[in-house]
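Trainee: I have a structure open and would like to go through it with you. Can we start with the terms and then look at the parts?
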Amino acid sequence: MPAPGENLRINSARLWDSLMEMAQIGPGIAGGCNRQTLTDADAEGRALFQRWCDAAGLTMGVDAMGTMFATRAGTDPEALPVYVGSHLDTQPTGGKYDGVLGVLGALECIRTMNDLGIRTKHPIVVTNWTNEEGARFAPAMLASGVFAGVHTLDYAYGRTDPEGKTFGAELARIGWVGDEPVGARKMHAYYELHIEQGPILEAEGKQIGVVTHCQGLWWLEFTLTGREAHTGSTPMHLRVNAGLAMARIMEMVQAVAMAALPDAVGGVGQVRFSPNSRNVLPGTVVFTVDIRSPDQAKLDGMRAEIEAKAAALCADLGVGYSVEAVGHFDPVTFAPELVANVRRAAERLGYSHRDIISGAGHDACWAAKVAPATMVMCPCVGGLSHNEAEEISPDWAAAGTDVLLHAVLETAQIVA
């Protein structure tokens, strides 16, 4: 079968125009996006993606989690599809490229194949996974997790946002409950293009990250119970201060992660005080510790150490303590044969590249449980992501999508 030619490239201007048009839906307040999952903005973004897929001649399917699967037929009706995609939902103060590049880059690959009359043996399916971010409904990568059998559909439908609204009700409200059973589809392979969300590629002047592994993760949600009291009239030695316990735990998490270097990170990104008043000590503090490592033993050891030390810190202060794991995936080793396809594609196209471990979780992590999977990464300015200032260049976007196109065609098998 023929391999993709070195001159085969996507339409960079068309890809960039699509990214900018999608960014107009759910705009943020500082140049980024706020298109959280299952909001009206999410529904509007989905509708635009559907129109683009229809125009590209793709057949849309939607499963019971609202994940969108847009299929380009292959020449062999018995061949399993090659899936390519990411997500269109964003953080509350998210960027224009996190996830979106992977979905619209996959669509641009199809558009380029259509332009050039390229046929493949295997069907190709452009995928928009629901609720990858986990910002509104924890855990992250929820729909792909149900697809891979990690979560049940009932569990996913019962997840609530900060206002108490359930995932299932909100999915129905925006009109994207599909009729396909989740996980019924079979994959030949899965590819995902994504911005790095870290500084390595830009710092080293590399255009492409060949993703070999993904870090494992634990999200540990702590609930600390103190006693609400006036901050001015309650003596220091008589306080049951849940906020102080949280501060000590945060400092401890930093120390545990530093002691576990290299290949370990830990921190706190979300805190909720109640009643959250200036002159009232908090009665309840809820916060989430995020720890990650590509080393399974190190990851689980960090969790055990943090939970044990947090319990002791709270006991010393008389503060009530509970912890729940609200997100988890083990470290992932991506399929060597697909990783090799990505590396060959970068070399064929003349793009500088390096192997890289993904520091963030992605839908590819769950897809890897049911099929060979891997990822392609491009740089982002300053390594900044989950921030409205997230930025990439049109050239970086084009290079990543060129590599994606070549790797997908290697796997889907061009028909002469």
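This is a predicted model: local features need pLDDT of at least 70, side-chain atom pairs count only at pLDDT 80 or more; totals for chains, interfaces and linings use all residues.
Mentor: Residues are numbered from 1 along each chain as its sequence is written, and side-chain values use heavy atoms, with hydrogens and water left out.

Trainee: How many residues does the contact take from domain 1 and from domain 2?
Mentor: Eleven residues come from domain 1 and eight residues from domain 2, with contact meaning heavy atoms within 4.5 Å.

Trainee: What area is buried between domain 1 and domain 2?
Mentor: About 730 Å², and carbon and sulfur atoms give 66% of that. Buried area is the accessible area (1.4 Å probe) that two parts lose on being put together, summed over both. In domain 1, P139, C214 and W366 lose the most area to domain 2, together 34% of what that side buries.

Trainee: New topic. How many aromatic pairs does a search of the whole structure find?
Mentor: Eleven. Rings of Phe, Tyr and Trp (its six-membered ring) pair if their centres lie within 6.5 Å; planes under 30 degrees apart count as stacked, over 60 as edge-to-face and the rest as tilted.

Trainee: Why is the pair of Y157 and F167 stacked?
Mentor: The ring planes of Y157 and F167 are at 25°, with the centres 6.3 Å apart, so the pair counts as stacked. Y157 is in helix 5 (residues 153–157) and F167 in helix 6 (residues 167–173), ten residues apart. Helices (H or I, at least four residues) and strands (E, at least two) are DSSP runs, numbered from the N terminus.

Trainee: Is F167 buried or exposed?
Mentor: F167 is buried, at 0% relative accessibility, whereas Y157 is partly exposed at 24%. Buried means under 20% relative accessible area, exposed over 50%, and partly exposed in between (1.4 Å probe, protein chains only).

Trainee: What about F222 and F287?
Mentor: F222 and F287 are a stacked pair too, 5.3 Å centre to centre with 10° between the planes. F222 lies in strand 8 (residues 216–225) and F287 in strand 12 (residues 284–293), so the pair ties together parts 65 residues apart in sequence. F222 is buried at 0% relative accessible area, and F287 is buried at 0% as well.

Trainee: Which residues form an aromatic cluster?
Mentor: F69, Y83, W129, F147 and Y190 form one.

Trainee: Where does R303 lie?
Mentor: R303 lies over the face of W218, at 4.1 Å from the ring centre. R111 lies over the face of W52, at 5.4 Å. The rule asks for NZ of Lys or CZ of Arg within 6 Å of the ring centre and within 35 degrees of the ring normal.

Trainee: Last one. Where is H122?
Mentor: H122 is in the loop between strand 4 (119–120) and strand 5 (124–128). H122 is buried, with a relative accessible area of 6%. Not counting residues up to four places away in sequence, H122 touches several residues, including G74, H188 and Q413.
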